[in-house]
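Subject: Structure for you to look at

Hello,

Here is the structure I promised to pass on. Please open it first, then read my notes below.

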Amino acid sequence: MSEASSSRLLYRGSLSLPDSYILLDGLTFSANLLANKDLLHNPLALALESMRGRPSLRLKGTESLKNICIDPSDDVCMDIHPSATLSRVYFENMLCLSHLSPDGRTEMGARVALGDTDGPATTEILIFGKAHSSPTTPSITIRVARITPATRAPRPDDPTPRKPPQHLLTRTQSIGELAANTRIKVKGDESEVVRRAREVMLHLPNSKSRGRGKDKERGSAVFKVPTLPAKKTNHAPEADVFGPLSDAKGKARAVDDGVGDIEQENKSIIKKFTVRHLDAVGVSKAHPEFKELFGFVYRGTTFALRATIKKSSVSALALETLVEAHIKLYVTSPI
């Protein structure tokens, strides 16, 4: 495998500075496939590849390697383009002027977040330098590692796992066999109450006998399951303190029927008066305008008597006057 095919391009873009519009551009992140052949087991490489399409990553600031825990096993490197002057000056001042630890790493690094939020699900990486000894000139390779949660040191109050005592175990007996073979021993001189309680618990009816509703006899005890009461189909009407509801409805209906009878009787009389007076002026039922004239006279008279037509019988004199007045409005001379 050639050197060009040994690296996989993960992300190419820039870093956005906090509280500024300046970008550190010309950055390329790549993974060494010689050390990590399976990318599915390289979480940092997958996280950087998921950032493809974003113009920049969020730079959070500088961080000391002593204060955080990193996982450098993913073998991811970063390169800076020669034309990216601002990016070269930034990382040279941060990495080249930083002190080196005994393992060759720089004490300071750049902390970058792979996302827009600062939550536990956001992956954060650290860009740091690692020195390489050379016969001619020492060089620094820019490495990238994933920041991992810090491991907690054990505390005095942490529970300590305990082993079972050795005298309870034999040479051919394991812990599981010891627990399976252990049984509670019952003393021979148990009381009469305990014995009877055990017999009652052992002779309880099973679920099938309870579901079928049959008696189950075990010894001298009989367990009977009561049957459900029959559902009542006919319910007697409950007495109402205000009297039967049907009587109240009947009385209201009787009052309405009385009012309706008076109104119908008055309307019938108005129709008779209208037909008679129209016939007197020459408008019989065979006349072509009889229906229109009858409707005008009848509706006008009914509307004029709307206040008393439902309460009492209409006076014949008042009805005679109203019908004649309406006919005079529509028929000026005998037709």
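Two strands count as paired if DSSP finds at least two bridges between them. Keep that in mind for the sheet. One caution: this is a predicted model.

**The barrel**
Seven strands close into a barrel. Their order is β1-β2-β4-β7-β6-β5-β3, and the pairing is mixed. From one strand to the next, the twist averages 45°.

Take one pair. Strands β1 (residues 7–16) and β3 (residues 56–64) run parallel, joined by three bridges. S16 has R58 in β3 as its bridge partner.

Helix α2 (residues 85–96) packs on this sheet. It touches β1, β2 (23–32), β3, β4 (69–80), β5 (108–114), β6 (123–132) and β7 (139–148). The direction of α2 makes about 65° with that of β2.

**The cores**
Which residues touch the most other members of the largest nonpolar core? They are L15, F29, L48, L57, M78, F91 and I127, out of 29 residues in that core. I127 has contacts beyond four places away in sequence, among them L15, F29, M78, F91 and M94. G109, A110, V112, I142, R143 and V144 are also touched by I127.

There is a second, separate core of 16 residues. F294, V297, V314 and V331 are included in it.

**T274**
T274 lies in helix α6 (residues 245–280). Is T274 buried or exposed? T274 is buried, because its relative accessible area is 0% and buried means under 20%. Leaving out residues up to four places away in sequence, T274 touches F294, V297, Y298 and V323.

Best wishes

Note on methods:
Residues are numbered from 1 along each chain as its sequence is written. This is a predicted model: local features need pLDDT of at least 70, side-chain atom pairs count only at pLDDT 80 or more; totals for chains, interfaces and linings use all residues. Side-chain values use heavy atoms; hydrogens and water are left out. Helices (H or I, at least four residues) and strands (E, at least two) are DSSP runs, numbered from the N terminus. Buried means under 20% relative accessible area, exposed over 50%, partly exposed in between (1.4 Å probe, protein chains only). Contact means heavy atoms within 4.5 Å. A nonpolar core is a set of buried Ala, Val, Leu, Ile, Met, Phe, Trp, Tyr and Cys residues joined through side-chain atoms within 4.5 Å. Axes are lines fitted to C-alpha atoms, for helices over the stretch in contact, and angles run from 0 to 180 degrees between N-to-C directions.
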